[in-house]
Amino acid sequence: MADADLGVATSSALLDEGLTHAQIRTAVRRGHLRSIAPGWYAKTGANPKVVKALPAGARLTCVDAAALHGLWVPPRERDDDLHIYRPRLGSACPQWAAAHGSGLRAWPETDAIASLRLALAHAIRCVDGESAAVLLESAIEKGLLSIAQVQALLDDAPRRHRQRIGGISAASGSGSETRVVRALRRRGHDVEQQVYVEGAGFVDAYVSGLFLEIDGRTHHSSPESFNEDRRRDLAMRRHGLQILRLSYSQVWHSWRSTEEALLETVAQVGRQGRRRVAQLLAA
């Protein structure tokens, strides 16, 4: 994520673009640029979180930087409390910030937000195990980090954090899928991900006779996607297979009741669902 994509720039970057010091001052006077911190300027439409962090002598990191890098980030109760990284300073940390310190006297990177690897290194040590797994599996799914690179981040983390996170899957297609699959495996269920069913294509997960489609999107799908989902459901039913769809809201806004209902459904489908799958595999 380049500074230009965030709407901010250093004075040296502006000079490299061909602007003169006089032109920079003119742009500030006319409101096209805003001086927000020593050596930093914000353009119109600059990311408000970045603009909030830089004047505090800090950079966004952890979940806030991860979101700007394009990763899935679990919803938070307070999105205005920012995770920041700052060198060792005498002033107190802002009340709106969750600080990730290092004891360093200077910022180790030049960009306005932490690099993806640094942000994830901070997240591994900061957020709960499930949220860290969501971020790490997202980095793999989006092709931003390899499995080996994610494993290296985990290997560098203290043991207690690795144990809290547990296993990482390279097959999750969304943060919602990460949450559901981890919950089922935590209860002792064997879960297969990205299972191919003839006529329906790949299905998010299969557990004990039940197939799961898990919505990783905040908003409702388009009419075309809705119709395609119904077609896939019909194909599954023609095979006599049990399929359950979980919405984003069920997974993230009413998870306790959703998890309870899901576990009950898995138990109810049980033998009948497994028998039908076995019949199809033997055909």
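In strand β3, alanine 42 is the bridge partner of arginine 34. The model is predicted: local features need pLDDT of at least 70, side-chain atom pairs count only at pLDDT 80 or more, and totals for chains, interfaces and linings use all residues. Residues are numbered from 1 along each chain as its sequence is written, and side-chain values use heavy atoms, with hydrogens and water left out. Helices (H or I, at least four residues) and strands (E, at least two) are DSSP runs, numbered from the N terminus.

- Strands β2 and β3 (residues 40-43) are paired in the antiparallel sense over four bridges; two strands count as paired if DSSP finds at least two bridges between them.
- Tyrosine 41 in β3 stands opposite serine 35.
- A hairpin is formed by β2 and β3, with two residues between them, and glycine 39 in the turn has a positive phi of about 80°.
- These strands belong to an open sheet of three strands with antiparallel pairing, in the order β1-β3-β2.
- Its edge strands, each pairing on one side only, are β1 (8-10) and β2 (33-37).
- From one strand to the next, the twist averages 35°, where axes are lines fitted to C-alpha atoms (for helices over the stretch in contact) and angles run from 0 to 180 degrees between N-to-C directions.

**Strand β5 and its partners**

- Strand β4 (residues 59-60) and β5 run antiparallel and are joined by two bridges.
- The pairing of β5 with strand β6 (residues 97-100) is parallel, over four bridges.
- Isoleucine 84 of β5 stands opposite leucine 60, and its bridge partner in β6 is alanine 99.
- Strand β5 (residues 82-85) is covered on both faces, with Leu82 and Ile84 buried on one side and His83 and Tyr85 buried on the other; buried means under 20% relative accessible area, exposed over 50%, and partly exposed in between (1.4 Å probe, protein chains only).

**Nonpolar cores**

- A nonpolar core is a set of buried Ala, Val, Leu, Ile, Met, Phe, Trp, Tyr and Cys residues joined through side-chain atoms within 4.5 Å.
- The largest such core has 23 residues, and Val8, Val50, Leu54 and Leu60 have the most contacts inside it.
- Two or more residues are given to this core by each of β2, β3, α4 (48-53), α5, β5 and α6.
- The most is given by α4, with three residues.
- Another core, of 22 residues, lies apart from it and includes Val63, Leu116, Ile124 and Ala132.
- Valine 50 touches Leu6, Val8, Leu60, Leu68, Ala112 and Ile113, not counting residues up to four places away in sequence; contact means heavy atoms within 4.5 Å.

**Helix α7**

- Helix α7 (residues 129-141) has 13 residues and spans 18 Å from its first C-alpha to its last, close to the 18 Å expected at 1.5 Å a residue; the expected span is 1.5 Å times one less than the number of residues.
- Twelve of the 13 residues of α7 are buried, among them Ala132, Leu135 and Ile140.
- The cover over these buried residues includes α5 (62-68), α6 (116-126), α8 (147-156), α9 (159-165), α10 (175-186) and α12 (248-252).
- Glutamate 130 lies in α7 and is buried, with a relative accessible area of 15%.
- Glutamate 130 touches Arg179, Arg182 and Trp252, not counting residues up to four places away in sequence.
- At the start of α7, the backbone nitrogen of glutamate 130 has a side-chain oxygen of aspartate 128 within 3.1 Å.
- Glycine 143, with a positive phi near 75°, follows α7.

Methods
Polar contact = N/O pair within 3.5 Å; in protein donor to acceptor, adjacent residues only side chain to side chain.
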